[in-house]
Amino acid sequence: MSEAVAQTVASRFSELYGAEPDGVWAAPGRVNLIGEHTDYNDGFVMPFALPHTAVAAVARRADGVLRLHSADVEGGVTELRLDDLSPESDKNWTAYPAGVVWALREAGHAVTGADIHLASTVPSGAGLSSSAALEVVVALALNDLFSLGLRGWQLARLCQRAENVYVGAPVGIMDQTASACCEAGHALFLDTRDLSQKQIPFDLAAEGMRLLVVDTQVKHSHSEGEYGKRRAGCEKGADLLGVNALRDVPYADLDAALARLGDEEEVRRLVRHIVTENARVEQVVSLLETGETRAIGPVLIEGHASLRDDFRISCPELDLVVDTALASGALGSRMTGGGFGGSAIVLAEEPDVDAITKAVTEAFAAAGFTAPRVFEAVPSAGARRLR
Ligand code: GAF
């Protein structure tokens, strides 16, 4: 499968650029199991990698030129000069790979140019980190081709900088780290403060369960204002409470912290979500480690309620997935990713999967919503070289 994909992408590269690529790399999208909007609060997250990947065929250049092409976007090859790359100058898809090259060079890494052809199976705008997959696959390819010796978490930091500064989206570090560092059969317990990581075995099929992703087809974008507003609100909360980041408010002190915020109702809601969400990540880790996998269902449900009512980033389509799945026997369900659209996850017993899928699809039709796309998510490998 990987070999066939690598061959297709390499062949297209040769057609476009008239030579063989030096190699082919893949980086996955991710699903976040729990820990939403905690990453820019120095908190905990728990994503796992999807089988869907961005694949890049790449060849080195030595002449300061970057050529970019995507199988997923109309149009020909874009040619850029490395010396001309500058933040927020590009509003197209090319800003993601170009931003990575810019971030590497700005950090002092000797990248002298490249020809790149990309093809991705990660659904875009679905809350599944299609942007991070593009960034990480380019970073990994250049790391190998220019012998930069950077580790996965270092590539993730550079990719986040590309997205924050070059693309102009104020995202945290979760998606890039997930794409770079996840392992097949595991969820990644990540402390976003120091990027310390623990791979937690997560094999639902072995226990007779499944995790479904329901892509509502409602597109979202992090460069738009609401994500940034939530981030600014969390930073205000940390300021008012006199802590570096909301991560520093222990769950046991939540009531006292909320009382100190007085009539800052909006900030109180954001703080409550972050502090309880960090506790939920720790709870899920502990349940998985003690083999109580089914017991994570109620924690996922609480997580959704918190995102809907306190953080206020759900939407009618996401709520309909969660409500319908739970009414049809799911063990747990929540929106995943940045919110305002994108995808929800559903944890279910294997025999209930078809009935839940049917119920959600029918509920969408009855509500007049675009049909959702439902697929099973199996924890897959992180970024890697294919050939
Ligand atoms: C998006 C961002 F890119 C992540 O950094 C994270 O904040 C997530 O939304 C919400 O948990 O995917």
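Here is a short tour of a predicted model, told as questions and answers.

Visitor: How do you know that the protein chain has domains, and where are they?
Guide: The domain assignment gives domain 1 (1-201 + 380-385) and domain 2 (204-376). Their C-alpha centres lie 26 Å apart.

Visitor: What makes up the contact between domain 1 and domain 2, and how many residues does each give?
Guide: Domain 1 gives 28 residues and domain 2 gives 36 residues. A residue pair counts here if the C-beta atoms, placed from the backbone, lie within 7 Å.

Visitor: Which elements give two or more residues to the side of domain 1 that touches domain 2?
Guide: They are strand 1 (23-32) and strand 2 (44-45). That side of domain 1 divides into 16 nonpolar, nine polar and three charged residues.

Visitor: Why are strand 2 and strand 8 said to stand at the edges?
Guide: They belong to an open sheet of three strands, in the order 2-7-8, with antiparallel pairing. Strand 2 and strand 8 (196-201) each have a single partner strand, so one side of each is left without a neighbour in the sheet.

Visitor: How do you know that strand 7 and strand 8 pair?
Guide: Pairing needs at least two bridges. Six bridges join strand 7 (residues 186-191) to strand 8, so they pair, and they run antiparallel. H186 stands opposite P201 in strand 8.

Visitor: What makes strand 4 a partner of strand 5, and in which sense do they pair?
Guide: Strand 4 (residues 65-70) and strand 5 (residues 78-81) share four bridges, and pairing takes at least two, so they count as partners. The sense is antiparallel. In strand 5, R81 is the bridge partner of V65.

Visitor: How does strand 4 run against strand 6, parallel or antiparallel?
Guide: They run parallel, joined by five bridges. Strand 6 covers residues 114-120. L66 stands opposite A114 there.

Visitor: Which strands are the edge strands of the open sheet of four strands?
Guide: That sheet has the order 10-11-9-12, with antiparallel pairing. Strand 10 (332-336) and strand 12 (373-376) are the edge strands, for each pairs on one side only. Neighbouring strands of this sheet are turned by 25 degrees against each other on average, direction ignored.

Visitor: How do you know that strand 9 pairs with strand 12?
Guide: Four bridges join strand 9 (residues 209-215) to strand 12, and at least two are needed, so the pair qualifies. The two run antiparallel. V213 has F375 as its bridge partner in strand 12.

Visitor: Which helices lie across strands of that sheet?
Guide: Helix 9 (residues 296-310) lies across strand 10 and strand 11 (343-349), at about 40 degrees to strand 10. Helix 11 (residues 353-367) lies across strand 9, strand 11 and strand 12, at about 15 degrees to strand 9.

Visitor: Where does UniProt place "Galactokinase N-terminal"?
Guide: The unreviewed entry places that domain at residues 12-60. This span is 12% helix and 53% strand, with its end C-alpha atoms 17 Å apart.

Notes. Residues are numbered from 1 along each chain as its sequence is written. This is a predicted model: local features need pLDDT of at least 70, side-chain atom pairs count only at pLDDT 80 or more; totals for chains, interfaces and linings use all residues. Domain bounds come from an automatic or database domain assignment. Two residues are in contact if their C-beta atoms, placed from the backbone, lie within 7 Å. Ala, Val, Leu, Ile, Met, Phe, Trp, Tyr, Cys and Pro count as nonpolar, Asp, Glu, Lys and Arg as charged, and the others, Gly among them, as polar. Axes are lines fitted to C-alpha atoms, for helices over the stretch in contact, and angles run from 0 to 180 degrees between N-to-C directions. UniProt positions are given in the numbering used here, feature names are shortened, and annotations may be inferred rather than shown by experiment.
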